Amino acid sequence: SILSTYRTGIFPSLQNIDDPAERFDQLLNYTFGTDWNGVIDDSVFFDSFALSLRNQDISHRFKKVYNELREAMLGELKHALSHNVIKIEDPEKALDMLFVMMEGAHMFNRLRDDSRPMWERGEFLKSNFLFLIKGNQL
């Protein structure tokens, strides 16, 4: 399943990082880098999303996977917050911003007709996300 792919590919490797700042940095590297995009084929994701718009059962299953992924990432944000790596008032808002930036970047990168690699855009987005959360804007 999509979720198990994320669970086995990304989150266990974070559990092996003891330093909370390094762990959070690695989460953002995954999120805005090519690793995240490479975990699952885009066509599988977008086909599943399209089907979820037409089929109630698939919609419920898709939302379940999406919500479980969000919960795992929210846990990572709260871990960073509890270790004073980030200063945010509302982890849910920060997570929303992270997802909007991440998903938008991956979609945008697929539609752009230039040779700029995802990691380059990802670095820009990561630095802006860090600016927002370290400045306590979320």
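This tour moves through the structure stop by stop, naming what to select and what is found there.

The model is predicted, and for that reason local features are taken only where pLDDT is at least 70 and side-chain atom pairs only at pLDDT 80 or more, while totals for chains, interfaces and linings use all residues. Residues are numbered from 1 along each chain as its sequence is written, and side-chain values use heavy atoms, with hydrogens and water left out.

**Stop 1: the link between H3 and H8**

Select aspartate 25 and lysine 126, whose side chains form a salt bridge with the closest N and O atoms 2.6 Å apart; the term stands for a side-chain nitrogen of Lys or Arg within 4 Å of a carboxyl oxygen of Asp or Glu. Because aspartate 25 belongs to helix H3 (residues 20-32) and lysine 126 to helix H8 (residues 118-134), the pair ties together parts that are 101 residues apart in sequence. Helices here are DSSP runs (H or I, at least four residues), as strands are (E, at least two), and they are numbered from the N terminus.

Is lysine 126 buried or exposed? Its relative accessible area is 9%, so lysine 126 is buried, whereas aspartate 25, at 33%, is partly exposed. In these classes buried means under 20% relative accessible area, exposed over 50%, and partly exposed in between, with a 1.4 Å probe and protein chains only.

Leaving out residues up to four places away in sequence, lysine 126 touches Asp25, Leu28, Asn29 and Phe32, where contact means heavy atoms within 4.5 Å.

**Stop 2: salt bridges that involve H6**

A search of the whole structure finds six salt bridges, and the next to select is the one between lysine 64 and glutamate 68, with the closest N and O atoms 3.2 Å apart. These two residues are four apart in helix H6 (residues 56-82), and therefore about one helical turn separates them. Lysine 64 is exposed at 54% relative accessibility, and glutamate 68 is partly exposed at 26%.

Next select arginine 70 and aspartate 96, which meet in a salt bridge at 2.6 Å from N to O. Arginine 70 lies in helix H6 and aspartate 96 in helix H7 (residues 91-111), so this pair ties together parts that are 26 residues apart in sequence. Arginine 70 is buried, with a relative accessible area of 13%, while aspartate 96 is partly exposed at 36%.

**Stop 3: the packing of H3 against H7**

Show H3 and H7 together: they pack at an angle of about 35 degrees, with their axes 9 Å apart. The axes are lines fitted to C-alpha atoms, for helices over the stretch in contact, and angles run from 0 to 180 degrees between N-to-C directions. To display the contact, select Leu28, Thr31 and Phe32 of H3 with Leu98, Met101, Met102 and His106 of H7.

**Stop 4: the largest nonpolar core**

Select Phe24, Phe32, Ile86, Phe129 and Ile133, which touch the most other members among the 26 residues of the largest nonpolar core. Such a core is a set of buried Ala, Val, Leu, Ile, Met, Phe, Trp, Tyr and Cys residues joined through side-chain atoms within 4.5 Å. The elements that give two or more residues to this core are H3, H6, H7 and H8, and H7 gives the most, with seven residues.

Which residues is isoleucine 86 in contact with, leaving aside its neighbours within four places in sequence? They are Phe24, Leu77, Ala80, Leu81 and Ile133.

**Stop 5**

Move to leucine 81, which lies in helix H6 and is partly exposed at 26% relative accessibility. Leaving aside neighbours within four places in sequence, leucine 81 is in contact with Ile86, Lys87, Ile88 and Pro91.

Finish at asparagine 84, in the loop between H6 and H7, where phi is near 55 degrees, a positive value in a residue other than glycine. Asparagine 84 is exposed, at 67% relative accessibility.
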